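Here are my notes for you to read beside the model. Please keep the structure open and check each point against it.

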Amino acid sequence: MLKAVILIGGPQKDTPKPLFPIAGLPLIQHHIKACVKLVECKEILIIGSYTINHMAQFVSDMQKEYQIIIRYLQEFTPLGTAGCLYHFRDQIRAGNTSSFFLLNGDVCADFPLQELWIFHEKRGPNALITIMGTEATRQQSVHYGCMAIEPTSKAVTHYVEKPNSYVSTLISCGVYVCSVHVFNIMAKVFEEKDNCYYSTNGVSSPQPGYMSWEQDILAPLAGTTKLYAMQVTNWWSQVKTPGSAIYANRHYLELYRKRDAQNAPTANCKIIPDVYIHPTAEIDSSAVIGPNVSIGAGVKIMAGVRIKESIILSNARIHDHALIMHSIVGQDATVGEWSRVEGTPSDPDPNKPFAKMDNTPLFNVDGRLNPSITILGSLCNVVSLIDELRNEGFRRRTRVTNTAHGSIK
Ligand code: GDD
Ligand code: GTP
């Protein structure tokens with residue numbers, strides 16, 4: 001039997017990042033959609049340190065929608081990308097699991113799980129792990145797991161996690177197929193780390209149970225013919241910054257339109273594809289929406305509004321003639337009439353082949369704000385000045401740019 005494990009880490013912000021809606025679906029629902037396509041995949045485990053309250057509704061919705069066993073396993077403390085797998089090894093192995101997919105929750109992609117599985121099977125019983133790999137630019141590669149492969153067998157000969165200097169432009173996508181025998185390797189690493197921790201009184205190693213998948217498992221397996229990489233050219237991206245959510249939104253919308261022939265939304269306003277509109281959103285017929293826009297549940301969009309390259313979260317209200325571009329509008333936020341909410345686009349460099357999103361920090365080293373998309377936080381209110389201005393006998397706009405942006409970890 002095959003299973004899938006999705007790693008989602010722990011809370012850093014109010015809205016759990018794995019549930020942030022992209023193209024109308026919570027981020028990790030795209031992973032689940034890809035997993036359920038494989039008939040062999042019978043169970044999906046989500047591992048993280050968010051409380052069960054954060055995840056319960058989502059898990060129950062997913063079970064109903066996809067009719068497959070989905071469980072959330074909560075870590076008491078972050079155990080690292082391999083420590084959490086080892087901690088829940090009995091749940092992963094239960095029911096005669098032979099192999100499992102492992103997916104980082106903070107990536108988005110046209111996940112080629114079927115191909116990955118076939119590729120892995122072809123490597124024979126000696127193969128423990130197959131990594132989905134992709135090409136990156138030389139400069140950006142160092143922010144990822146980098147690997148060198150033997151060209152014929154595709155065995156990984158060298159693996160370095162986020163190297164200090166250039167190693168290879170072939171990077172790990174954070175998506176894997178693993179044999180359950182990998183737990184035997186983890187058991188050894190666990191014991192070594194445990195001994196090290198207690199013999200040094202915890203000075204030279206992290207807390208017991210903590211293991212990094214990349215550093216403690218993948219790197220030592222390179223060169224042993226147990227680790228393989230399948231290089232793909234499918235669309236793939238990390239979701240580390242708010243700007244990358246807008247980028248991912250565009251690609252998921254395009255993917256579902258082309259591959260799944262998903263219908264365009266039915267709205268009586270002007271739509272410039274691709275656009276997702278939740279069925280409960282109310283949109284005035286004179287609004288113009290798109291391209292690359294997702295509109296959440298209960299959103300109200302009034303006359304003359306123009307929205308492009310943006311995500312509007314549930315129950316936001318956008319008043320008459322407001323303009324929203326390259327922005328995320330939070331839940332229950334209000335944008336007043338004639339306001340202009342505008343961010344700076346932050347896509348990968350279109351002139352560089354294989355370029356990925358740059359995960360630039362909020363501020364530069366010299367303290368200057370990096371231009372990025374604009375985020376209106378939930379319940380935020382961009383006040384309309386129009387009434388006061390009418391009294392003054394002229395028109396101006398409330399203009400909001402880059403009010404707040406940063407990591408959506
Ligand atoms: N459950 C759990 N527990 N999940 C975790 C933990 C933990 O202690 N630590 C990280 N994660 C989850 C994160 O939420 C994320 O989905 C995934 O594991 C990997 O996150 P990071 O450890 O932050 O690594 P990264 O994203 O910088 O790099 C990883 O992904 C790249 C591709 O996106 C590495 O696997 C790289 O090698 C890879 O190139
Ligand atoms: P590009 O063709 O992308 O260069 O756009 P543009 O130069 O026409 O204008 P801009 O990118 O600033 O605005 C995008 C769209 O929003 C255009 O269709 C504009 O007509 C429209 N727009 C600009 N400002 C407003 C506004 O305040 N309210 C409304 N409702 N629409 C606006």
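1. Strand β16 is joined to strand β19 (residues 300-301) by 2 bridges, and the two run parallel. Within this pair, Glu-282 stands opposite Lys-300 of β19. Strands here are DSSP E runs of at least two residues, helices are H or I runs of at least four, and both are numbered from the N terminus. Two strands pair if DSSP finds at least two bridges between them.

2. Before going on, note that this is a predicted model: local features need pLDDT of at least 70, side-chain atom pairs count only at pLDDT 80 or more, and totals for chains, interfaces and linings use all residues. Residues are numbered from 1 along each chain as its sequence is written, while chains are lettered from A and ligands numbered from 1 in the order in which they are written.

3. Where does β16 sit in its sheet? β16 (282-283) is an edge strand, and so is β26 (381-382); each pairs on one side only. The open sheet has 5 strands, in the order β16-β19-β21-β23-β26, with parallel pairing.

4. An unreviewed UniProt entry annotates residues 271-378 as "domain: Mannose-1-phosphate guanyltransferase C-terminal". Such positions are given in the numbering used here, feature names are shortened, and annotations may be inferred rather than shown by experiment. Over residues 271-378, the chain is 0% helix and 34% strand. The end C-alpha atoms of this stretch are 25 Å apart.

5. Which residues surround ligand 2? They are Gly-304, Val-305, Arg-306, His-321, Leu-323 and Arg-340. Each has its C-beta atom, placed from the backbone, within 6 Å of the ligand. By class, the shell has 2 nonpolar, 2 polar and 2 charged residues.

6. Cys-178 lies in strand β11 (residues 170-179). Is Cys-178 buried or exposed? Cys-178 is buried, because 22 other C-beta atoms lie within 10 Å; the cut-off for buried is 20 or more, with 12 or fewer for exposed and partly exposed in between. Beyond its neighbours within four places in sequence, Cys-178 is in contact (C-beta atoms, placed from the backbone, within 7 Å) with Ser-99, Phe-100, Leu-102, Leu-128 and Ile-129.

7. Helix α8 (residues 213-221) has these buried residues: Trp-213, Asp-216, Ile-217 and Leu-218. They lie on the same side of α8, because they cover an arc of only 155 degrees around the axis. That arc is taken from the directions from the helix axis to the C-beta atoms. Their cover includes α3 (80-87), β9 (145-149) and α7 (182-199). Gly-223 follows α8, and its phi is positive, near 85 degrees.

Definitions and conventions. Nonpolar A, V, L, I, M, F, W, Y, C, P; charged D, E, K, R; others polar. Contact = placed C-beta atoms within 7 Å.
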